[in-house]
Amino acid sequence: MSQHSVFISYRRSDSTGEAGRLSDSLEALLGTACVFRDADGIAPGDDFEAALELELAATSAVLVLIGKRWAPELAARQARKEPDYVRREVATALRLGKRVIPVLLNGAELPRVDDLPADLRALVRHQAVSVRDEAWNVDAGRLADAIGRPYSWRKVGLRAALVVPLILIATWYGVPYLAPSTSDQLALARGLVLVLLLAYAGGECWLRWREVHRRA
């Protein structure tokens with residue numbers, strides 16, 4: 001079972017193109033391993049229903065893509081008593097208490113609660129996000145912020161690779177001026193390196209705190 005953090009639920013008759021485009025956008029913003037879409041995430045020969053159940057159990061957020069044909073297709077399948085895997089995905093996510101985000105595409109609106117079957121009525125209580133074709137990158141970025149972007153540990157590594165040598169260089173050249181006596185220089189150097197490293201670590205913690213609270 002994989003550990004995708006975002007599950008994209010969509011109707012092929014309603015938003016296949018948008019689902020692929022949003023998947024690509026979120027993979028660029030959150031990371032390829034964070035996003036699940038059935039067209040990419042289920043291997044040939046796998047049990048489709050079982051794979052969806054496993055993914056929904058493992059994911060942390062479910063994006064329900066709603067275009068203008070989403071609700072009519074739901075009603076049509078109910079009337080014909082056809083299997084509706086999208087309904088099952090959304091109902092399962094709601095039942096499991098997942099974070100469900102309705103994503104309204106290109107002017108679509110949330111269906112009325114009276115038009116939904118009982119197992120989907122809780123969907124309308126979840127705050128929706130609009131994604132527009134003319135502002136796709138902005139809206140996709142806002143959605144990624146709402147989900148929570150992973151912290152950039154690569155940037156931390158790059159900063160550390162720059163800062164730590166600077167600390168050592170500053171200590172090497174600064175200690176003789178601060179402590180002319182050779183006997184005092186070793187203790188001063190140790191203390192100075194420790195203080196500067198603690199200051200750097202505190203700065204990283206502050207940056208991390210600011211990033212988390214900016215997304216909250």
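Biologist: Let's start with a lysine: is K98 buried or exposed?

Modeller: First, a caution: this is a predicted model, where local features need pLDDT of at least 70 and side-chain atom pairs count only at pLDDT 80 or more, while totals for chains, interfaces and linings use all residues. Residues are numbered from 1 along each chain as its sequence is written, and side-chain values use heavy atoms, leaving out hydrogens and water. Buried means under 20% relative accessible area, exposed over 50% and partly exposed in between, with a 1.4 Å probe and protein chains only. K98 comes out at 17% relative accessibility, so K98 is buried.

Biologist: Which residues does K98 touch, leaving out those up to four places away in sequence?

Modeller: K98 lies in the loop between α5 and β4 (helices are DSSP runs of H or I with at least four residues, strands are E runs of at least two, numbered from the N terminus). A61 is 37 residues away from K98 in sequence, yet their C-alpha atoms are 6.0 Å apart. Taking contact as heavy atoms within 4.5 Å, K98 touches L56, A57, A58, T59, V62, A93 and H126.

Biologist: And β4, why is it called largely enclosed?

Modeller: Strand β4 covers residues 99-105. It's enclosed by the rest of the structure because the buried ones number 6 of the 7 residues.

Biologist: Which residue of β4 is the bridge partner of V62?

Modeller: Two strands pair if DSSP finds at least two bridges between them. Strand β3 (residues 61-66) runs parallel to β4, with 6 bridges. For V62, the partner in β4 is V100.

Biologist: Within what arc do the buried residues of α4 fall?

Modeller: Helix α4 spans residues 70-80, and its buried residues are W70, E73 and L74. Looking down the axis, and using the directions from the helix axis to the C-beta atoms, they line one face of the helix, because they fall within an arc of 105°.

Biologist: What covers those buried residues of α4?

Modeller: Helices and a strand both come into it. The cover includes α1 (12-30), β3 and α5 (85-95).

Biologist: Last one: is W172 buried or exposed?

Modeller: W172 sits in helix α7, residues 153-178. Its relative accessibility is 65%, so W172 counts as exposed.
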